[in-house]
Amino acid sequence: MDEIAKEYDVIVLGTGLTECILSGVLSVKGKKVLHIDRNDHYGGEAASVNLEALFKKYGNYAKGTEPWKQYGRVNDWNIDLVPKFLMSSGELTNILVSTDVTRYLEFKQVAGSYVQQGSGSRATVAKVPSDAAEALRSPLMGIFEKRRMKNFIEWVGSFDRKDSATHKGLDINNCTMKEVYDKFGLEATTKDFIGHAMALYHDDSYLEAKGGAPEAIERIRLYGNSVARYGKSPYIYPLYGLGELPQGFARLSAIYGGTYMLNTNVDELIYEGGKAVGIKATMTGIEPEMKFETRAKMILGDPSYFPGKVKVTGHVLRAICILKHPLASTNDSDSCQLIIPQSQVGRKNDIYIACVSAAHNVCPKGYWIAIVSTIAETSANHHLELAPGLERLGRIEEQFMGSPIPLYEPLEDGTNDNIFISKSYDASSHFESTTDNVRDIYRRCAAEELVVEGLREGIQVAEE
Amino acid sequence: MADSANAPKPSSSVKLVLLGEAAVGKSSLVLRFVNNDFQENKEPTIGAAFLTQKCNLPTRTIKFEIWDTAGQERFASLAPMYYRNAQAALVVYDLTKPTSLVKAKHWVAELQRQASPGIVIALVGNKLDLTNDGAGSGAAESGDDSGDARKITTEEAKTYAEEEGLLFFETSAKTGYNVTEVFTAIANAIPETSLKSARGPGASHAAGRTEEQRVNLNGPRDPNAKEGCAC
């Protein structure tokens, strides 16, 4: 077994996506990285696991039984623990392309993006219209509202923050998004699907935010551009599940000299003068166990490695469900996202359903994996909170739902103790907040903005 | 390996993964195969996403995408992604170092457990130049005298390879002896059927219907996309 160096530039703890992107980028930039995970697999909280591992994680089976055996080969299952999709014109796509990590992964479109109007037996599920033509065909709006939506969506396309002629007479930098909607005379239900299924806000606080209009418009454009890129929906998804993403960035890091150690427990953080300067750790899974100590200029990691340095900001409720059919009213899609905006079902937070299937090599043919999630609003009855989403699934073969999952944030920004901690993966349905977190941590630990464009210039690959 | 002006032959990409103990010459074998080059005291691998090299067969062209472990095997931390859809594997040992064959056997078992069922595995004993039968120089087989560093007999490794159904070669990346032969033998051993799909056998069941939805992120972006909605 090779020696571990006495000192690294950076020690990274946990192999979630945020950590793996950071170690990939830092390695490409010439930093000497040691990347450690206590688990025997990559991905941490954001791993994809097989069906047997999922049953064992949730423990919902009788001792001595092996219920996973009735679902084909366990290794044909790659079930995401954190459901998300990539926006095809989003920042994660940009980072994947700029670092050439796309070479290790294959992506497919998510077949549809849907939204629910109404609730219970009167619920309508329909495709989110992404352009003027779709707006005119959409069952989500009446005949006059369709025209108003068409006007709005065309205006978003031609909007230029710097050109006041495109501002419709609004003081765009100071007005609220509600004022913008009202300018177009849009109805409450239309605002709902624009804000939640296109701009992808989790709640309605954006409506009244002074000066929030340009950001909301930018989000709607990101949605439109992402749809326009491949056609069916704004989302793409990697074959074999989201767990491939951290593996891809870990490989990037390794190719640039990053050292990887799974099965390794961090026993102690070493401090000098209040600053972290290294770790004591033990690599298990080998005989004999290997204890070692090493130093670093800084330590990065996910919240689970720093229990005393993070706070809980909320809880996510999540139910992973195995189905034998596609979601109803989604045109028999092999995959889709369905958003139930909060106000449609009397909540403060949206309910998301992410559905993928054998088309993405995440399960055997004939199965669908649907994950329902939302932010907890009560301290009990979590099943009831998810009920409007679970109702959409029809017959459920298996359901995995644990306790509410805490969302952590670091208490400090890391400049005092040289420890830079990521946030938990939030309830949002895409990776934009994850990449925001990557940029934020990079800014704090490297004292410069992360520019990924041009990163692959230095990446050595053979001629085609 | 340029072929003269023949009609274009069918061409397929094959993912080939390298496995073996550190410093047995995995990268050197690839460097010899891809660039016909050798570097003494090569530093551990850094900076190569993967290398590609074509192998021309009489009826078809195989384009190897050669994946290096990038050192992730050192602390037993190779990702499942590494094995995913690999159609061929080169398991390398150093025939002057007995522990490296033990390690090679471990990798063969790991491949049989994790990789696609139809994977073609070649067991390669490298550093033949350090033995008396040295790198095709035609030296005599009987070599227990001073200059011979060989610790693993051809018989021992060959018997094991036959038991496990592996291709078997002894090579020298330093002199180039037998290197091209290894890759040609692998190319020949890959079943025609598994070449039909774009990527390995694992993806073949989904070929056709699903192929159309694959997206190429590196493709040119819609030039209008930056201007605004494509409405």
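## Buried strand in chain B

A residue counts as buried when its relative accessible area is under 20%, as exposed when that area is over 50%, and as partly exposed in between, with a 1.4 Å probe and protein chains only. Helices (H or I, at least four residues) and strands (E, at least two) are DSSP runs, numbered from the N terminus. In strand E5 (residues 120–126) of chain B, seven of the seven residues are buried, so the strand is largely enclosed by the rest of the structure.

In a regular strand, side chains alternate between the two faces of the sheet. On one side of E5(B) are Val120(B), Ala122(B), Val124(B) and Asn126(B), and on the other are Ile121(B), Leu123(B) and Gly125(B); both faces are covered.

## Basis of the model

The model is predicted: local features need pLDDT of at least 70, side-chain atom pairs count only at pLDDT 80 or more, and totals for chains, interfaces and linings use all residues. Residues are numbered from 1 along each chain as its sequence is written, chains are lettered from A and ligands numbered from 1 in the order in which they are written, and side-chain values use heavy atoms, with hydrogens and water left out.

## Chain B as a whole

Chain B has six helices and seven strands. Starting at the N terminus, its elements follow the order β-α-β-β-α-β-α-β-α-β-α-α-β. Of its 231 residues, 52% count as buried.

A contact means heavy atoms within 4.5 Å. Among contacts in chain B between residues at least 6 apart in sequence, 70% join residues at least 24 apart.

Two strands pair if DSSP finds at least two bridges between them. Six strands of chain B form an open sheet with mixed pairing, in the order E2-E3-E1-E4-E5-E6. Strand E2 (51–56) and strand E6 (167–170) of chain B are at the edges; each has a single partner strand, so one side of each is left without a neighbour in the sheet. On average, neighbouring strands of this sheet are turned by 25° against each other, direction ignored. Axes are lines fitted to C-alpha atoms, for helices over the stretch in contact, and angles run from 0 to 180 degrees between N-to-C directions.

Strand E4 (residues 88–94) of chain B pairs in the parallel sense with E5(B) over seven bridges, and Ala88(B) stands opposite Val120(B). E4(B) also runs parallel to strand E1 (residues 11–20) of chain B, to which five bridges join it. Here Leu18(B) is opposite Leu90(B). Helix H3 (residues 98–114) of chain B packs on the sheet, where it touches E1, E4 and E5 of chain B, and its direction makes about 165° with that of E4(B). Helix H4 (residues 154–164) of chain B packs on the sheet too, touching E4, E5 and E6 of chain B; its direction makes about 160° with that of E6(B).

Another open sheet has four strands in the order E5(A)-E9(A)-E6(A)-E7(B), with antiparallel pairing. Its edge strands are strand E5 (86–87) of chain A and strand E7 (214–215) of chain B, each of which pairs on one side only. E5(A) is joined to strand E9 (residues 235–238) of chain A by two bridges in the antiparallel sense. Leu86(A) has Ile236(A) as its bridge partner in E9(A).

## Two crossing helices

The axes of helix H1 (residues 26–35) and helix H5 (residues 179–189) of chain B come within 9 Å and cross at roughly 85°. H1(B) is therefore roughly perpendicular to H5(B), a label for angles of 65 to 115 degrees. Leu29(B), Arg32(B) and Phe33(B) in H1(B) meet Val179(B), Thr180(B) and Phe183(B) in H5(B).

## Backbone details in the loops

Glu287(A) lies in the loop between strand E12 (275–283) and strand E13 (290–301) of chain A, and is exposed at a relative accessible area of 80%. The peptide bond from Glu287(A) to Pro288(A) is cis, with omega near -10°.

Leu200(A) has a positive phi of about 60° although it is not a glycine. Leu200(A) is buried, with a relative accessible area of 5%. Ala23(B), in the loop between E1 and H1 of chain B, has a positive phi near 65°. Ala23(B) is exposed, at 64% relative accessibility.

Key: Parallel < 35°, antiparallel > 145°, perpendicular 65-115°, else oblique.
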